[in-house]
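Here is a short briefing to read alongside your viewer. Keep the model open and follow the topics in turn.

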Amino acid sequence: ADRRLTSASAAATGLAFRVGLELVRRLHGATGADRTVSIGIPAVAAALFAVHPIHTEAVAWLAGITDLSYSTFALLAFLFYLRAEDGWRPGAVLGAVAFLLGALSKEPALALPLLLGVYELARGRRAHPAPGRQVVLRLAPFVLAAALYLGLRLWALGGFAPSTRAYETDGATAVLTAASLLVRYIAKLIWPFPMNALYVFEPVASLTSTAGIVGMLGVTALVLASWWAWRRPLFLVGAAFLILPLLPVLYVPALGEGVFAERYLYLPVFGFSLAAAAAIVPVCRPGGARRVAVVAGLAAGVVVLAAATVQRNPVWRDSVSLWSDTAEKSPGSAAAHEYLCWALYTAERQADALPACRRALELDPGRVAARMNMAHALAVAGRLDEAIQQYGAVLGQRPDDAEALTGLGLVYMAKG
């Protein structure tokens, strides 16, 4: 598992550099002689992409392989598309295959056709736009791949986006919540501290609430920034890579409790890094003390981000360390305490597991899984009468729960 994750991360970082190199050549107008820009921007973007600590969750957690996979396939597909623009005929078809694999890995890969559209707009503003027929021919395999994916999805799931119904939102609440989430994601990229495996989330119900006001102001700032980037093709593509892959995870009903998660930012970090590098590197052209100061600041920033990644990694070494850290940072999250209870129980630390279970039930008395975990821990600890009470409470909510019935039967056997 570790080899799969690290290999996928290394591949994504390599592709980030290669895509950045191609985008600079096509959109920034840097000549081959101006190596500070032509090599510096993709190198800095790839370095920031590689060491950004927000990637820790996706790389350290096995379930993050879906985010790594779709991001790697999306970057590969984008690179193949760029090669097709240079006349490499298999590029569009291979890109469509990579795109389909990315979509099958995770839904945010569906943003790729939109990213390609933004690239064509940016390309048209930088140079003479390509003939429409050529663009259509390059995009056609991607459209067919998207149609194939959507057909498979509808066939397999019986719908496009089945809802978990963890959060019920009307139209206005959904818009305000999406705006607030988008601003939170971008703020997390700029300042990723502190990092947490499970953030407490509440839908934004009112425009006059703090979250609603911040969300609307943030979206307004993004619109103004997009208008500014419209005349700067490289920034425009970077902004697209930052925002478009986040759109699917702004639909709250399909996400359940994990509404805000760091792993969703894996591919958007590339857009953020590309835009940051495009802003910083051109200042570093030879000559002057300013270059020394900028290079030193950039190096210090990379070191700080890398150090934060190294510091965060040990939290993911096992379930107890992860959920202990999460419960400490999200004391109001019933889910964090429930998962901590289970981690401690499976580590045979029943005495420590019970307070975590109790806290989870104090925060949310209806959490059946937390009550089940508590019943198991009480049974193992020999507190059989209390375990019977908790199993009974579970069966009061789920009369046909096989796990609770089995646990209750085992406790009765232990009592003779």
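Of the 416 residues in the chain, 49% count as buried. Keep in mind that this is a predicted model. The secondary structure comes to 19 helices and zero strands.

**Overall layout**
- Taken along the principal axes, the box filled by the C-alpha atoms is roughly 85 × 55 × 50 Å.
- Among contacts between residues at least 6 apart in sequence, 72% join residues at least 24 apart.

**Helices H14 and H15**
- Two packed helices are described by the angle between their axes and the distance between the axes.
- For helix H14 (residues 319-329) and helix H15 (residues 334-346), the axes come within 9 Å and cross at roughly 155 degrees.
- Because an angle over 145 degrees counts as roughly antiparallel, H14 is roughly antiparallel to H15.
- The handedness of this H14 and H15 crossing is left-handed.
- On the H14 side, the contact is made by Ser319, Val320, Trp323, Ser324, Thr326 and Ala327.
- H15 contributes Ala336, His337, Tyr339, Leu340, Ala343 and Leu344 to the contact.

- You will find Thr56 in helix H4, which covers residues 56-60.
- Thr56 has 3% relative accessibility, so Thr56 counts as buried, the cut-off being under 20%.
- The side chain of Thr56 reaches the backbone oxygen of Pro53, at 2.6 Å.
- Setting aside neighbours within four places in sequence, Thr56 is in contact with Trp61, Thr309, Arg312, Asn313 and Trp316.

**Backbone features worth a look**
- Most residues other than glycine have a negative phi, and most peptide bonds are trans.
- Phe193 and Pro194 are joined by a cis peptide bond, with omega about -10 degrees.
- Pro194 sits in the loop between helix H9 (171-190) and helix H10 (210-229).
- Glu348, although not a glycine, has a positive phi of about 60 degrees.
- The place of Glu348 is the loop between H15 and helix H16 (350-363).
- Glu348 counts as exposed because its relative accessibility is 67%, and the cut-off for exposed is over 50%.

Terms used: Residues numbered from 1 in each chain as written. Predicted model: local features only at pLDDT ≥ 70, side-chain atom pairs only at ≥ 80, totals over all residues. Heavy atoms only, no water. Helix = DSSP H or I, 4+ residues; strand = E, 2+ residues; numbered from the N terminus. Buried < 20%, exposed > 50% of the residue type's maximum accessible area, 1.4 Å probe, protein only. Polar contact = N/O pair within 3.5 Å; in protein donor to acceptor, adjacent residues only side chain to side chain. Contact = heavy atoms within 4.5 Å. Axes fitted to C-alpha atoms, helices over the stretch in contact; angles between N-to-C directions. Parallel < 35°, antiparallel > 145°, perpendicular 65-115°, else oblique. Left-handed = near helix turned anticlockwise from the far one by under 90°.
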